Amino acid sequence: MRIAQQNTEAELDAFEAVCQRLAGFDASLDAEWVDGYLTALAAGPLITAPEVWLPRLCGDTFERAFADPEDVAQALSALAGRTRVLADQLDPESLLDQPDTLRLQPLVAMWDEATRAQAVAEAWVTAEDASLLVSGEIWASGFLTALEDFAADWPDPGDADEREIKDDLLQQVQALTLPDGEALQAHLAKWQPGRTLSRDELIDEACFAVQDLRVWWLDHAPKPATRRVEATPGRNDPCPCGSGKKYKKCHGANA
């Protein structure tokens, strides 16, 4: 059984430092939210290059936060280090070999009464807003935002049963955005009937769902557009441009 990769402390510190710098220009771009966003990219059906996802992740914030070429290189390296590990944790072959093993390890801040009270005492949030701080909500928000940004890459299957499977898996991530209370209980009654789950267990369920999504995409990834290649005419054939000349005397002259 192959053990999933983990970031080193130095790699995590570098990743969090990049996110902290980004958050200085856009408060939403903290490490947990960005980690959720990158996890969705790793779980999706298509491999997306940084030059594609970075502008959608943070708009022009990256350019504002990192202008010096050396800073840019270090920041990109830190982000690449995290995406590399997420891709390994969601490696489909490993997930198929170990379906009951939780490989995904998200960067999630754990909230309880003590940590909420501390956040209020440090004037980080108001007492009213502190009640909304629940473990996994920020990570799930980043994940779901990536799905919206790359909706074209996450098409619904035509088969209703398969569409239901996909929706069911995504609902496990959606559950993390719900504060503890009636809304969460209603969600559990519908999607986890007969089960009472702690917040830690909800996070585990969401991670297993993301792993299952990664495997699900193996059979449901969108097909690339078929490229039609016209046959090249013979050198003595009429040129297809309609000039009346032989191909070798026209568009084939430099071929």
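The mean pLDDT of this predicted chain is 87. Of its residues, 86% reach 70 or more. One stretch stands apart: over residues 225–230, pLDDT stays under 50. For residues 225–230 the model has zero contacts beyond four places in sequence. Where pLDDT is low, the predicted coordinates should not be read in detail.

Now to a pair of helices. Two packed helices are described by the angle between their axes and the distance between the axes. Helix α2 covers residues 31–43, and helix α3 covers residues 50–58. They pack at an angle of about 140°. Their axes lie 12 Å apart. The crossing of α2 past α3 is right-handed.

Which residues of α2 meet α3? They are Trp33, Val34, Tyr37, Leu38 and Leu41. On the α3 side, the partners are Trp53, Arg56 and Leu57. By class, this contact has seven nonpolar residues, no polar residues and one charged residue.

Next comes empty space. Rolling a probe the size of a water molecule over the atoms shows where such space is left. The largest pocket has a volume of about 380 Å³. It is lined by 18 residues. Closest to its centre are Ala42, Ile47, Thr48, Thr83 and Ala87. Helices α2, α3 and α5 (69–89) each give two or more residues to the lining. Which element gives the most? That is α5, with five residues.

The table sets out the classes in the two places.

Notes
Residues numbered from 1 in each chain as written. Predicted model: local features only at pLDDT ≥ 70, side-chain atom pairs only at ≥ 80, totals over all residues. Heavy atoms only, no water. pLDDT = per-residue confidence, 0-100. Contact = heavy atoms within 4.5 Å. Axes fitted to C-alpha atoms, helices over the stretch in contact; angles between N-to-C directions. Helix = DSSP H or I, 4+ residues; strand = E, 2+ residues; numbered from the N terminus. Left-handed = near helix turned anticlockwise from the far one by under 90°. Nonpolar A, V, L, I, M, F, W, Y, C, P; charged D, E, K, R; others polar. 1 Å grid on protein atoms, 1.4 Å probe; cavity = no way out; pocket = protein on both sides within 12 Å on 5 of 7 lines; lining within 4 Å. Points joined across faces, edges and corners; volume = space filled by probe spheres on them.
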